Structures are given as C-alpha cells and as structure tokens.
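Here is a guided look at one chain, written for someone who likes to see the geometry spelled out. Please have the viewer open as you read.

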Amino acid sequence: MIQSKKWQVPFYVLMSALSLTMIFPFLWMVSTSFKFDTQVFTVPVEWIPDPVNLSNYTQVWVEEPFLLYYKNTVVVAVFATAGQVIISAMAAYAFSSIEFRGKNILFSLYLATMMVPWHTIMIPQYQIISRLGLTDTHAALILGQLASAFGIFLLRQFFLTVPRELMEAARIDGAGEGYIFSRVMLPLAKPALSTLIIFTFVQVWNDYTAPLIYLNTKEKYTIQLGLTFFQSEHTMQYTVIMAGTVCALIPIIITYLIFEKQITNGMVHSGLKG
C-alpha cells in the first residue's frame, strides 16, 4: 500500500502532462479562431484574445454554404449509421446465437477483414460504385459504410454475455428467432448499440477520403470536404481556417459530451475494456 501511494503523485503528474500535450492543439485552435491575423503568432501565446474577433465565424458562414455541408453530412451519417447498426446487429445475433455449419470459420474470415486497409479495396469499390451509376451521389457514401466487421464483433461480444436461458425460455414458449432478436436481445444490447452508433456516426462525420473520391459537385460536399475546399481558398488566413474547423467539430463534441456515459458502459459490457 505504501509503495502504491509512493507512485501515485508521479503517475498523476505524468498523466496530467500527457493530457495537456494532447489538448494543447485543440485549445490553440479555439483560441486562434477568435483572433485577428496579427495575433496568431505572438510570443508568448495569447490564449485569451484581446480584443475578441467574431468576424472569422461570420466569414465562414457567409462565404461558404456551411449549412448545406452540415445537411449533407447529417443525411449521410444518419443513414449510414442506421444501416450499419441494423446489419451488424443481425449478423452478430446470427454468429452468437444461431448454430450453422462453418459459423466459426466464416466469422474468423470476416473478422480478418479488419486487418485489410481500406485503401487496398478503394479501387475495386470505386469500380463497383461506378458501374452502379452512383458516383457523385450520397448513396455511394452510405453503401460503403453498411458493412462493418468491427460492429459485428462488438455486438457479438455483447450477445455472448446474455444468458442462454433467456433465449431457450423464449424458444420453449414458441418464439421465433426474429422475435428473440427484436424483443429479447436488442433491448438488452442498448449499451453496445449506443457505442456502435456513436463510433459509426463520428467515423462517417469525419470521413474525408470517400467523399473526395465519389463526390464532384460542390452542392453535395460533406462538411470535411467542404472544409478542405474552404481551406484552399484561405491558405494563409489561419484565423478563418480555425473558425471553420471549430464549426466542423461542434457536433462531434456535443455528441461525445451527451453520450460519454453510454460509450463507457458499452465498452465495459462488450468485453472490450482494457
């Protein structure tokens, strides 16, 4: 006990230093978004701008259709998240609760796709989307996010923790697999489902590569692609660029602050802790 207390102070000092190191770029970004150009590279750093410049945010919303970018990104993120969660939940239930020949081999092969970088399938995927005539559409972005090995693995780990007696009792009462899945398993899987929803939403919201590949029309840009286009027009205006970046991050920050508890519970109950 004495030995453990001896290391508590150095441990917390180290963790605090690492936390400050990680949060420093974020704080600098927010601070810079409220500055004038002449205040950006002052030494020492002026963390609280004086005076505060709000025109950077006005310039972001006036010069670029950020509201349209938000709308496009919300549409893609919501439909992609809903589709991925539904498909992952059904597949996870099958892998965890239904016995069929080759189940473990099939799950292992599917899980192995997590080790394959997306860039290696980027060209084949583009060819498929192109032949379907879906280039320059939001449907291309949504379809590319519907299958997720991570989502299936996450939910399968949770379903395996559910007592088998619950499902057996439902089967004895005459319930089919669809009833057990929708009325027994899904209500119990709310923590894991919440975690997958948040992870998927954040991933789709922050996705830059796929919109860059599939979208050509500016009116269809997502927030990340629109922000990159905005940065190219304001290369040396760091204050305006930081204001645009803050605007792009606001929904993610709000989502995390609201669902922080669900993320933690989902990770713990899904066997992914530590």
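## Helix 3 against helix 4

In this predicted model, the axes of helix 3 (residues 66–97) and helix 4 (residues 103–112) come within 10 Å of each other and cross at roughly 140°. Helix 3 is therefore oblique to helix 4; angles under 35 degrees count as roughly parallel, over 145 as roughly antiparallel, 65 to 115 as roughly perpendicular and the rest as oblique. Axes here are lines fitted to C-alpha atoms, for helices over the stretch in contact, with angles running from 0 to 180 degrees between N-to-C directions. Helices (H or I, at least four residues) and strands (E, at least two) are DSSP runs, numbered from the N terminus.

The crossing of helix 3 and helix 4 is left-handed, meaning that the near helix is turned anticlockwise from the far one by less than a right angle, whereas clockwise would be right-handed. Helix 3 brings A94, F95 and S96 to the contact, and helix 4 brings K103, L106 and F107; contact means heavy atoms within 4.5 Å. Sorted by class, the contact of helix 3 with helix 4 holds four nonpolar, one polar and one charged residues. In that scheme Ala, Val, Leu, Ile, Met, Phe, Trp, Tyr, Cys and Pro are nonpolar, Asp, Glu, Lys and Arg are charged, and the others, Gly among them, are polar.

## The partners of helix 10

Helix 3 also packs on helix 10 (residues 190–206), at an angle of about 140° and with the axes 9 Å apart. This makes helix 3 oblique to helix 10, and their crossing is right-handed. Residues of helix 3 in the contact include Y70, V74, A77 and V85, while those of helix 10 include L193, I197, F201 and W205. The contact of helix 3 with helix 10 divides into twelve nonpolar, five polar and no charged residues.

How do helix 9 (residues 177–188) and helix 10 cross? Their axes come within 5 Å, at roughly 70°, and the two helices are therefore roughly perpendicular to each other. L186, P187 and L188 of helix 9 meet K190, P191 and L193 of helix 10, giving five nonpolar, no polar and one charged residues.

## Overall shape

The chain has 13 helices and zero strands. Its radius of gyration is 23 Å, well over the 19 Å that the globule rule gives for 274 residues, so the chain is more spread out than a compact globule. That radius is taken over C-alpha atoms, and the rule is 2.2 Å times the number of residues to the power 0.38. Along the principal axes, the C-alpha atoms fill a box of roughly 75 × 70 × 30 Å.

## Local details

The peptide bond from D50 to P51 is cis, with omega near 5°; P51 is in the loop between helix 1 (2–32) and helix 2 (55–63). D136, in the loop between helix 5 and helix 6, has a positive phi of about 60° although it is not a glycine.

Q125 is found in helix 5 (residues 122–131). Leaving aside neighbours within four places in sequence, Q125 is in contact with W118, G144 and Y214.

## Confidence and conventions

Mean pLDDT (the predictor's confidence in each residue, from 0 to 100) is 84 for the chain, and 93% of residues reach 70 or more. Confidence is lowest in helix 13 (residues 238–269), at a mean of 77, and highest in helix 6 (residues 138–143), at 93. Where pLDDT is low, the predicted coordinates should not be read in detail.

Residues are numbered from 1 along each chain as its sequence is written, and side-chain values use heavy atoms, with hydrogens and water left out. Local features need pLDDT of at least 70 and side-chain atom pairs count only at pLDDT 80 or more, whereas totals for chains, interfaces and linings use all residues.
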